[in-house]
Amino acid sequence: QVQLVESGGGLVQAGGSLRLSCTASGNILRINDMGWYRQAPGKERELIARIISSGNTDYADFVKGRFTISRDNAKNTVYLQMNSLKPEDTAVYYCNGILRLRNGIDYSYWGQGTQVTVSL
């Protein structure tokens with residue numbers, strides 16, 4: 001069974017840091033592209049950052065300079081380092097990956113989400 005599992009969420013004070021991880025497991029060859037999204041209560045899910053297979057990255061303006069996305073291909077894991085966190089960063093964070101399966105097909109998967117809460 002192919003799945004993405006997120007970890008690293010939690011409660012942190014404003015100005016603090018967290019590192020989220022998203023690990024792909026199952027019958028896969030590799031992660032092609034990966035994005036981190038978040039959804040706050042009453043709001044739509046929004047893209048925060050993405051990293052493609054070449055390693056190129058892209059960020060939403062509201063996290064530029066604070067968040068960094070990176071990948072470890074050997075571990076089939078993508079990270080989101082979040083610094084200078086603000087209360088408005090509070091949300092459930094999701095990873096979404098385009099995975100190359102062993103049958104050669106690319107398929108999109110979502111993680112289950114991890115809660116990030118930033119207090120004043």
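**Exercise 1.** Find the rings that R45 lies over, and say how far R45 is from each ring centre.

*Solution.* Start with Y94: R45 lies over its face, 3.7 Å from the ring centre. Then turn to W110, where R45 sits over the face at 4.7 Å from the ring centre. A charge counts as over a ring if NZ of Lys or CZ of Arg is within 6 Å of the ring centre and within 35 degrees of the ring normal. By the way, you're looking at a predicted model: local features need pLDDT of at least 70, side-chain atom pairs count only at pLDDT 80 or more, and totals for chains, interfaces and linings use all residues. Residues are numbered from 1 along each chain as its sequence is written, and side-chain values use heavy atoms, with hydrogens and water left out.

**Exercise 2.** Work out how Y37, Y94 and W110 form one aromatic cluster.

*Solution.* First, the rule: rings of Phe, Tyr and Trp (its six-membered ring) pair if their centres lie within 6.5 Å; planes under 30 degrees apart are stacked, over 60 edge-to-face, and the rest tilted. The structure holds three aromatic pairs. Take Y37 and W110: 4.9 Å centre to centre with 55° between the planes, a tilted pair. Y37 is in strand β4 and W110 in strand β10 (residues 106-110), 73 residues apart. (Strands are DSSP runs of E, at least two residues, numbered from the N terminus.) Next, Y94 and W110 have ring centres 6.4 Å apart and planes at 85°, so this pair is edge-to-face. Put together, Y37, Y94 and W110 make one cluster.

**Exercise 3.** Trace the salt-bridge network that joins R38, E46, R66 and D89.

*Solution.* A salt bridge is a side-chain nitrogen of Lys or Arg within 4 Å of a carboxyl oxygen of Asp or Glu. Begin with R38 and E46, whose closest N and O atoms are 2.9 Å apart. R38 is buried, at 6% relative accessibility, while E46 is partly exposed at 30%. (Buried means under 20% relative accessible area, exposed over 50%, partly exposed in between, with a 1.4 Å probe and protein chains only.) Now go to D89, which bridges to R38 at 2.8 Å. D89 lies in the loop between β8 (77-82) and β9 (91-101), 51 residues away from R38 in strand β4 (residues 28-39). D89 also bridges to R66, this time at 2.7 Å. R66 lies in the loop between β6 (57-59) and β7 (67-72), so the D89 pair ties together parts 23 residues apart in sequence. Shared partners therefore join R38, E46, R66 and D89 into one network.

Terms used
Helices (H or I, at least four residues) and strands (E, at least two) are DSSP runs, numbered from the N terminus.
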